[in-house]
Each structure stands twice: as C-alpha cells, then as structure tokens.
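Thanks for coming, everyone. I'll keep this short. Please have the viewer open while I talk.

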Amino acid sequence: MKYFNSKYHSAIFYILFALAYFLVGITLTKLAFNSQIIPIWLPAGIALVGCYIWWWRFIPPLFVAAIAFNLNIFDSSAHEMVLVGNSFNEAMYIAFGVVMQAMLGAALLKFWLGHPLRFKKRKNIIYFIVVIAILVSLISANFGVFALSQFNSVYSIDNHWENVVYWWLGDTLGVLIATPFLLSLLPQKSYQHSVSVLPTIAVCSILFVSVAVTTQLYDQENRRNTIKIAEREVHVIENSLYRHTNSSIIAVQSLASQMQSSSILSQQDFYSYANQLLTQESFIKALSWNVKIPQDQRQAFTQEMSNIYHLDIDIVGEPLEEDDPLVIVKYIAPFNGNQKAIGFNVFSNPDRKSSLLNPSIKYMPVGTKIIQLIQTKQPKPAYLLFAPVYAQDNKETIKGYATGVFLVRSIIEQAISKEQSDMFSIGIYEDIDKPPFYSNYSGNIEQAKGSSLMSFTIDFAGQKWIVKLTLIESFLAQHNNQLALLLLILQVAVCSLILIVLLLFNQQQIALTRQVSERTHSLVKAKKQSDLANQAKSQFLANMSHEIRTPLNAVIGFSSLARKEDSASTLIGYLDKINSSSKSLLSLINDILDISKIESQRLVLESIPFDLNALVQRIDNMFEHSANNKNIDWKINNKLPVDTWFIGDPMRIEQILLNLCSNAIKFTSKGGVTINIEAEFVSANKVQLAIAVSDTGIGIKANQHQKLFNAFTQADNSTSRQFGGTGLGLTIAKELSQLMGAKLTVQSELDKGSTFSFSIQLETIEPQEQPLVTFENTNIASLNILVAEDNPVNQMVIKAMLGSLGIVPYVVENGELAVDIAKNQHFDLVLMDCQMPIMDGYRATALIRQFKTEQELPIIALTADVMPEDKAHAQAVGFNQHLAKPLELIKLTECLVQYVEVNEQ
C-alpha cells in the first residue's frame, strides 16, 4: 500500500518518524510520576506505524532511536526517575524488545487485519485493540524490565511485576492513541471509499491531553493527600514519644513512692519492687537508691555498705565543694553488670549535681542530658531520672533519690512503629548544632530526598528533644502506586471504548460510501431490470387479456347465437361450447388464486388417504382423447403397487400432473407423450414415488431452464403467441411440489423434447372402502329443501338445478330469514350460501344448531372458499358438507342422494 507520491516524500517521513520516537520519548519523561512510571508511551505507536508503512526497512532507525533514548545523552539524571536504561547492554535489550513488538504488530496489521482506519469487519476493531494494542505490548514491557533488573544498579527490583504492568499499560495507551493519529496525518491517496480524518485527529488529541492532564492532577492530589496522612502520622509519633518518656517518669516516681512509704528500706525490699518495674518496662536499663548523707558520716556509711555486701566498699567520687553532701548509690538493680556503681557519689558529677539541684525536682523527677553507656559492648545513648525521697519526720529534708537509667533507642523504637520508621527519615537532637543522638537515616537528615522537613519538640523532666522528620520518597511512590495502577487500567479501558466508537464510525462512513457507490452503480442495472419487468408485465397483461377474452368470447358469442337458433341439436352444441369455455375460464381463475395463496403462504395441504391408481386413470381418461386429436402417441407406464393407497393431498398431486401433461400435449405436435410412474419402498409403510412426463415437443433452451418456473413466464414470447397460456402452470406445480417436500426438475433439449420429473415420498395405507353413490331406487324429488342465497342469478341457477331433479325449494335472501323459517317449518335439508347480507351463512348455521342437530337438519355450505382451512371452518361451525361454487349438477345430485332414504325393493 503506497502512502507517498514519491521516494523523496517517503524519505522525509522516514526520518521524521525516527526522530519523533527519540524526541517524543524525551518529552514524555517529564510526565513521569511515582518514580519510574510514564503513564502514556506514544513512541510505541510511532514504532508500530513506522513498521506498518516501511516494514523491515524501518528496523535500523527504530533500533538506533531506541538505544539513543535509553542512553539519553542529554539528561543522565532521568535514569534515576524513570524506566530507561543507562548502559549500552541495557539499551540494546530494550531496543530489541521495541523492534520485536513493533514488527509483530505491523505484521498482524499487514497480513491479517488491514489498515486500522479502514477495517472491513467490525470484529477486526476488537482484534486490533485486544491483540495488537494489549497483548503484543507485553513484549517490550517484559524485555525492558528484565534488562533494567539485570543491568541497572539504580533500578529498584522490589516492585518488578508492578513495573512490568506500568510499562505494558503505557505502551498500550501509546498504541491506542498514536496509531490512528499518525495514520490520519499521513498523505491520503484517492481511495474509492475515503473517510474524514478530522474526527480521528481530534479524538486522539483529546485522549492524549486527557490522559496526561488526568495523570498529573492525580499525582499532585495524591501527593498532597499523602503528605496530609504523613502530617497526621507525625502527631501520632509525637504523642507516642510523650507517652513513652512519661512512662519512664512514672517508673521513677513509682520507685520513689515505694521508698517514701518505707521507714527502713532493706536491700530485699528494694530489689523486690525494682525487679517488678524492670519486668514491666524493657527500656529501663537500671534502677538505684541513692542515699544523701553529710560528709562527716562517710566513714560510718562505708562500714554499713561493707556489712550489706560483705565486701570492702569505698565511696568513689569526691565532692566538688567542701560543703557538698554525698549522694551515694546504695542499692542498684539489676546488680550484675552494675555492681561497679555501688558507692558512687552522684554529686561528684557536675551534670548530675546540676540536675539534683534543679528547683523543679521538688515537683517532678528531673533528668540528665543524654549520656553514652559504656557498660555495653557498644555505647548506647541513655538518660537518668532522679526523684527525691523525703525523711519521715521532716517533709522538707531529702534523705535520698530514686534513680532510673533509661535506654533512649529502646524508648524511641517502642514509640515509633516499623511502618512509621519506613515512612520517615527521622533524627532526634538535644542540640540542633550537634549530631542527633538517634537517627534511622545514615546521612544528614537535612539532605534526605523527600518532601519538606517536619519537626516538633519533646519537653519532659527538664529536658528538651528536637525531633526532625522527612517523608521518604519511596513511601510516596508506594502509597500512590496502589491507586495509580487502577487509574491507568481505567484510562486504557476508557480509551479502548472511545477508540472502538471512533473506528466503528469510520467503518460506518466507509460502508455508507460503499453502499452509495454500489447503489449508484446498480441504478443503471435496476433501470434495465425495471424496463424488462415493465415489458414482461405488458406482455403478461396482453397474454392474460387474450386468455380471458378467448373463453369469454365463446360464452358471449354462442349465447348470442343461441337466442336466434331453434334447432335443438345446434343449441346443445352451443351449450357444450359455452360450458367448455366457462370451465377454461374457471381453471384460469383458479390458477391465479392458487399462485396468490402460495405467495401469501395461505395454501394449506391436506393429508388424507387416496387411491393413486384411480388418480392416474383419471389423468389417462382426460388426455387420451386430446392426444388422439393431435395424432400423437399417449402412453402411461404405471408400476404402482396394487391394493395400496397413499396418504397425501390427492387434489394437489393431480393438479401438478394435470399441468405437466397439459403442457406436454400442448407443445408436442409429433411423436408422443409418455408418463413413467415408478414406486420404491424405502420402509415398510413409505414409498419413494417418481413420475416422469416426457414429450417429443419443441424443447427448451438450456439458458431458459431457470426462468421456466417463474410466475407469468414462458420460455420466450413466441411460445405464448404460438401456443397461448399464462405461464402459471409450471410455477404452481413447482411451488406445490416444494410445499409437499417433493422435487420437480426438468431436462430438455431444443427441438428434441422435454422430461419433467416429479419425485415425492408418501406413506402407504391399506385400501379404504368408498361409499357407493347410486341414483337407483332413490326419490330425490321427495326432499323438502330450504335455499338461502342472496344473489338473484344464483337463485335462478339453484332453482333450475333442483327443478331438473323434481325439487321445488323454499328460497330466502339472507341467513336471518333462514333461521326464522327453520324454526317454524320442517325441512329435510338446507343449502346455505356462506356470504350474505344482514346475517351470513356461518352465523345462521351456528344459530340453527342451537335447536337442530346435524342429523335432524343437514346444512350444506355453498361457497367459493374451497381451501382445506375453509372447509374445516365450515364443519366446525356446524355444516354437514361443503359444495364449491360454481355448482355442477352432477356434484349437487351426488350430495343430495346421501340424504334420501333408499326404497328397498
């Protein structure tokens, strides 16, 4: 498929596509959010369209552009923020995945689906979105993330599969948006069925802007919400730190209260209560009882300590001033590991002396600054709390201090959960100008990568801790990723749906254009067909006029001649010709009614037992004389099984054979007509019947076989002119055979004759007994008959027919009069017309049946409705029998004989 008028134009677009891949990729890195995520990767669509247009020729520039982008010589800092490569091996892997994805997608378009803006089938739109945009885009994502995990030291592998999904969704959006957009921008050749490109360009542009803006707004809003969550978490940390530092104050106060309540504190009492506190709080390193004594009691106190511990105890630490008291560690728990502190003079340390002399110690425990414990393998930060214990007899005199040593890291780790520690880079200071005594970040907290710095101050026991926190960037990304994935999936779904609508619109445009073109093209053909149809219609009307006027001419002509003729023999001849012409006219009308009912699907077939041999005999009787008159042979080869009847519609089978035999004799002037009838049992009660009517007539051209069974059609116009006829016979025969599940076929050769074959499968049945109708010993004239007929001419006809049988009927004009007279007089039989004014025959019969049964008063229907459903309806209303108009005297006589009592001799 050529898109360009010259190689020059093709080369320009070739270079532009390669540059577009690189430059658009660099631009889109600015849209990266949550670190490592680019929401829409348009270069995937650029690569697909390039390979679709130039096929394998686009591989070199695409490969080079992909490598150049991933090496990204203009902005190496981008490697730390987005999913790109920064080593040659890594860039090679990624570029290889890009080429494979683009070539596979292009191959599917070129050799399977076709041009995305000109899909011929609606399902191809779904295939394009599902297979090419979604499934094929997995190739580059898997290659790329694998390369990053193998070669990029900066890349975080913690969320490997999430990154695959993000890369995949970005490529999918790029293919969905960029592919139709770029194909719309290409130079358009003069296609037969073109579409407007403006809707495609507008929709794709809006989709790109919507995705980009939505993603950025989401990222900004989510970042603000995350920071709000972090600020709430900071307050939680602050409260937790206050609660845990207050726990240390409570522990010291509890120890002081216990010693305050004991006038004489033994070593056992101290250890008992101190061990309880140590068990309750894991952040307590040690608890001690420090006795306050004047310097002149030093010797005595030393002796007392030696007696308690059974060791030589010396007081360590000289007073800083001459009048300073001694504050000596008397008891300490746990003892092991802290025994060196026994006898230590706390007042000898300036910081601790300062804490003990703090005036606020009267109201609450007072703490020291952070100290580094050297008793452990590694120095641990801790602080001391002092709570005064007063003499029993003098509440103003301090007899000692309850002291606790508390581990700072243990308190902080209990106050700050692991999840909170993962959220923040935390540093805790006593002096902002000095390094923090606690930090979960190896570097300077001020330089930690993250959001703006947050801080608060903890004041307790005369001490002040400054806490600084910075929200970790990885937590921002992790928190955002939970909803970012759903956002991208939603964007892919929305873009897919909108693109489906767009491509369906394009396809509809093409379809409409194609239809207009095809219909415009078919107008000439339709006009020709219309002219031919008008010609056929005119010819048919001429034929029908001829066919109808011919018997009418005989009826009218012989009727006029009969008025002037007195010879009985001549009149009889006239009447015979009038009768024959009337039957021909009736046959023509019946054919027209039959074809009308067949086309309106109102023709219902009967399924009754019948004697096919008798039917064949009737055919033989009807046509043998006609064949003899034309000096042609007439032969029937009947191989039907004897003593076997069939179940079907005998009237319609006979109608088919009549049409076939009539045509055969009509179109045969020499030779003869042969009917071959064969029957083959296919099961115990089923026979495959085959009837072939062969003639040696004029034959039919091979190209005219198809239209032979069309209504109002003959082989050619000369046939109608030479032989007459309406052309309905074969049409009716064909339609009736199809309704019966039979086949009607023709084999013919011009000037050699034709063979029409009729094949049908019928069920068999034992021969049925037929009631014998006899006119002997019957007194038809004895019948008292009521006639309901509204038409005066028909009244005269029925009166004359009945009069010829010696019957004088009682005639009424409508059904209402018939009901009234039947109530008041006795009749042997009623002849009821079905269509009458005031009250029709059906209603009148139903009313009569309310007081007369079918045995008490037989009612015979007189109607032109002769279909099986009409007969069934008449019997359901209450008629005994059904006689079709126009009436024939012989059929009327056969009917009446059934209701006359036979005079047995």
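Start at Gly-741, which follows helix α19. Its phi is positive, near 75 degrees. One caution: this is a predicted model.

Now step back into helix α19 itself, residues 729–739. Which of its residues are buried? Gly-729, Leu-730, Thr-731, Ile-732, Ala-733, Leu-736 and Ser-737.

Next, the whole chain. There are 24 helices and 22 strands. The chain has 905 residues, and buried ones make up 46% of them. Take the contacts with a separation of 6 or more: 69% of them come from residues 24 or more positions apart.

On to the cores. In soluble globular proteins, nonpolar side chains tend to be buried together. Here the largest nonpolar core has 80 residues. Phe-270, Tyr-383, Phe-406, Phe-424 and Trp-465 have the most contacts inside it. Which helix gives the most to this core? Helix α8, residues 198–260, with 10 residues. Apart from this core lies another, of 71 residues, including Tyr-3 and Cys-51.

Look at Phe-406 up close. Leaving out residues up to four places away in sequence, its contacts include Ser-248, Phe-283, Pro-381, Tyr-383 and Ile-411.

Last stop: Gln-491, in helix α14, residues 473–563. Buried or exposed? Gln-491 counts as buried, because its relative accessibility is 8% and the cut-off for buried is under 20%. What does Gln-491 touch, not counting residues up to four places away in sequence? Leu-173, Val-211, Thr-214 and Thr-215.

Key:
Residues are numbered from 1 along each chain as its sequence is written. This is a predicted model: local features need pLDDT of at least 70, side-chain atom pairs count only at pLDDT 80 or more; totals for chains, interfaces and linings use all residues. Side-chain values use heavy atoms; hydrogens and water are left out. Helices (H or I, at least four residues) and strands (E, at least two) are DSSP runs, numbered from the N terminus. Buried means under 20% relative accessible area, exposed over 50%, partly exposed in between (1.4 Å probe, protein chains only). Contact means heavy atoms within 4.5 Å. A nonpolar core is a set of buried Ala, Val, Leu, Ile, Met, Phe, Trp, Tyr and Cys residues joined through side-chain atoms within 4.5 Å.
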